[in-house]
Amino acid sequence: MMTISDEIRYIGVADRQIDLFESQYRVPEGMMYNSYVILDEKIAVMDTVDGHFTEQWLANLAAALSGRTPDYLVVHHVEPDHSASILAFAERYPDAVIVASAQAFRLIAAFYVTDFAQRRLVVTQGTELALGTHTLTFYTAPMVHWPEVVMSYDSADKVLFSADAFGKFGALDVEEDWACEARRYYIGIVGKYGAQVQSVLKKAAGLDIQTICPLHGPILTENLGYYLNLYNIWSSYGVETDGIAIFYTSVYGNTKKAAELLADKLKAKGCPKVSVADLAREDMAEAVEDAFRYGKLVIASTTYNADVFPFMRTFLEHLVERGYKKRTIGVIENGSWAPMAAKTMKAILEPCKDLKFTNASVKIMSAMNDENKQQIEAMANELCEEYEARNNETANKNDLTALFNIGYGLYVVTSNDGKKDNGCIVNTVSQLTSQPNRVAVCINKQNYTHHVVKSTGIMNVNCLSIEAPFKVFENFGFQSGRNVDKFANCSPMRSDNGLVFLPHYINSFMSLKVEDYIDLGTHGMFICSVTEARVINRIETMTYTYYQKNVKPKPATEGKKGWVCKVCGYVYEGDELPEDFICPLCKHGAADFEPIK
Ligand code: FEO
């Protein structure tokens, strides 16, 4: 008999007859129904087993008891694979008290007619059950994997009785990787309830656990951080393995060829792991767990009955049902006369959160042609961009667009030339030091503000908040203070240095005094001390990224060929953009333009 500790014995059974667990999951290596007994001054039996093994389990229990009588039967989970022997136990040991949550007793009554009203102990979060040396503390774990579930922790031997959590398919006598079958079990059975598992993991985080006793699979005793980490990844829908999983359905092999060509290209471009599965032949639960395992997914399917091929529909519905999210997806469709697969697949995935579809897509009309091969190449490039960039051999080491990823806020710098107030949009403001406070502001020499600040030595930096509308950028960014009065239509307010600050659309401002100046060629950098600093409200600061995504109007590029200004959306129509071109609206140069796609 397996021993968990001096006083905790294993009394579970192996099911080698079962073909489908829960009547749906293939279990070629069988299934364990684990049960334990704690032999203290009081004796607690931890769960029962599937009804096909009641007699074997009762014999295991009797052997462990050596003539003693159990005081408690703890029911962590009422699903019949663990509770089907409750009545037999209750009959054999009429003085034993049944211990479970209130919800569990309702389910026990529904399954087994009695709710043991005369001999039961209802536990909830934090309930303690003293057995002598051992004390069990209960933790509610709703939806892991039914609503009534509790786990219990024995502080004497530091054992967590984890119910279905940390279980796996397969009997104990099989030598196999824990993660593979534990992942298939978790994603298939508990996958939808990530938030609830996260909540249980938080409860368990404060416990000193040395052994995990689940209701299925092996008892976990070493390197528990490994198992906890995987559960954390799975339940937070994180990426476990860096790589790409391709799933296809193919009637005559043409979609399969496209999937295989893509797989070859992905491997050639350095994708660390590429997995390819034919959904008509792969175990569906295996396919579903793989989709959750990797961060990127490619779905390739034929059109069928003006829909998508049935195996693909089933696969995607499994993903949706389990809350699939936070993934990048490439779509390959095939259709001989009216391709519908891509549209249908995207529609099925609509309820999933945070999915990003690749820009590249592949549309095959029966068999792959040269254009399809180019589309596959483009998809492979897009999916492998990060792998190529990480690799010293394949990376573009002179990609100056990296500089665009430096985070910037957006500010209005206000100044006064002695005659009128002025302001301009600036994005390069940084605090350099805190003792003393030094702030750097970089301003284009062509801006009138540069000239004014250089002469007066003072400015106000107004921090725009995300409430600032586009008209603020038009007013302060797309025209020059040399020609217009940018404060003509507003009633500005003044700080102690006499300069204006914006009455609206800012969350704070700082009055700066220039201490130093660095000539940077096209720009000048003012190194300043802070003479006044005010917080106006707590609204978030407008970043350059926020402006690009949410404030700047979408440029009217439809049907046009040419270039578009990334700052203001001005459209330049023509094949070539002159190198010295200056945007007539915002005055930014050619480097800030991109081709119209
Ligand atoms: Fe192992 Fe949810 O029953």
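Reader: In what order do the five strands of the open sheet stand, and what is the pairing?

Author: The model is a predicted one, in which local features need pLDDT of at least 70 and side-chain atom pairs count only at pLDDT 80 or more, whereas totals for chains, interfaces and linings use all residues. Residues are numbered from 1 along each chain as its sequence is written, and side-chain values use heavy atoms, with hydrogens and water left out. Helices (H or I, at least four residues) and strands (E, at least two) are DSSP runs, numbered from the N terminus; two strands pair if DSSP finds at least two bridges between them. Here the order is 11-12-13-14-15, with mixed pairing. Strand 11 (128-130) and strand 15 (211-213) are the edge strands, each pairing on one side only. From one strand to the next the twist averages 20 degrees, the angle being taken on a scale from 0 to 180 degrees between lines fitted to C-alpha atoms.

Reader: In which sense do strand 11 and strand 12 pair?

Author: Strand 11 and strand 12 (residues 135-140) are antiparallel, with three bridges. Within this pair, leucine 129 faces leucine 136 of strand 12.

Reader: How many of the residues of strand 27 are buried?

Author: Buried means under 20% relative accessible area, exposed over 50%, and partly exposed in between, for a 1.4 Å probe and protein chains only. In strand 27 (residues 458-464), six of the seven residues are buried, so the strand is largely enclosed by the rest of the structure. Strand 23 (residues 411-416) runs antiparallel to strand 27 and is joined to it by four bridges, with valine 413 partnered by valine 461. Seven bridges join strand 27 to strand 30 (residues 506-519), again in antiparallel fashion; there, isoleucine 458 has lysine 513 as its bridge partner.

Reader: Where is the kink in helix 12 centred?

Author: The bend at a residue is the angle between axes fitted to the seven residues ending there and the seven starting there. In helix 12 the kink is about 60 degrees and is centred on cysteine 384. Helix 12 (residues 370-390) comprises 21 residues. Its buried residues include Ile376, Met379, Leu383, Cys384 and Tyr387. The buried residues of helix 12 pack against several elements, among them helix 8 (254-268), strand 18 (294-304) and strand 20 (325-334), where contact means heavy atoms within 4.5 Å.

Reader: To what does the count of disulfides come?

Author: A disulfide is a covalent bond between the sulfur atoms of two cysteines; the criterion is a pair of cysteine sulfur atoms within 2.5 Å. By this rule there are zero disulfides. Cysteine 528 is in none, the nearest cysteine sulfur being that of cysteine 442, 11 Å away. Cysteine 583 is likewise in no disulfide, with the nearest cysteine sulfur, that of cysteine 568, 3.5 Å away. Cysteine 583 counts as buried, at 0% relative accessibility.

Key. The expected span of a helix is 1.5 Å times one less than its number of residues.
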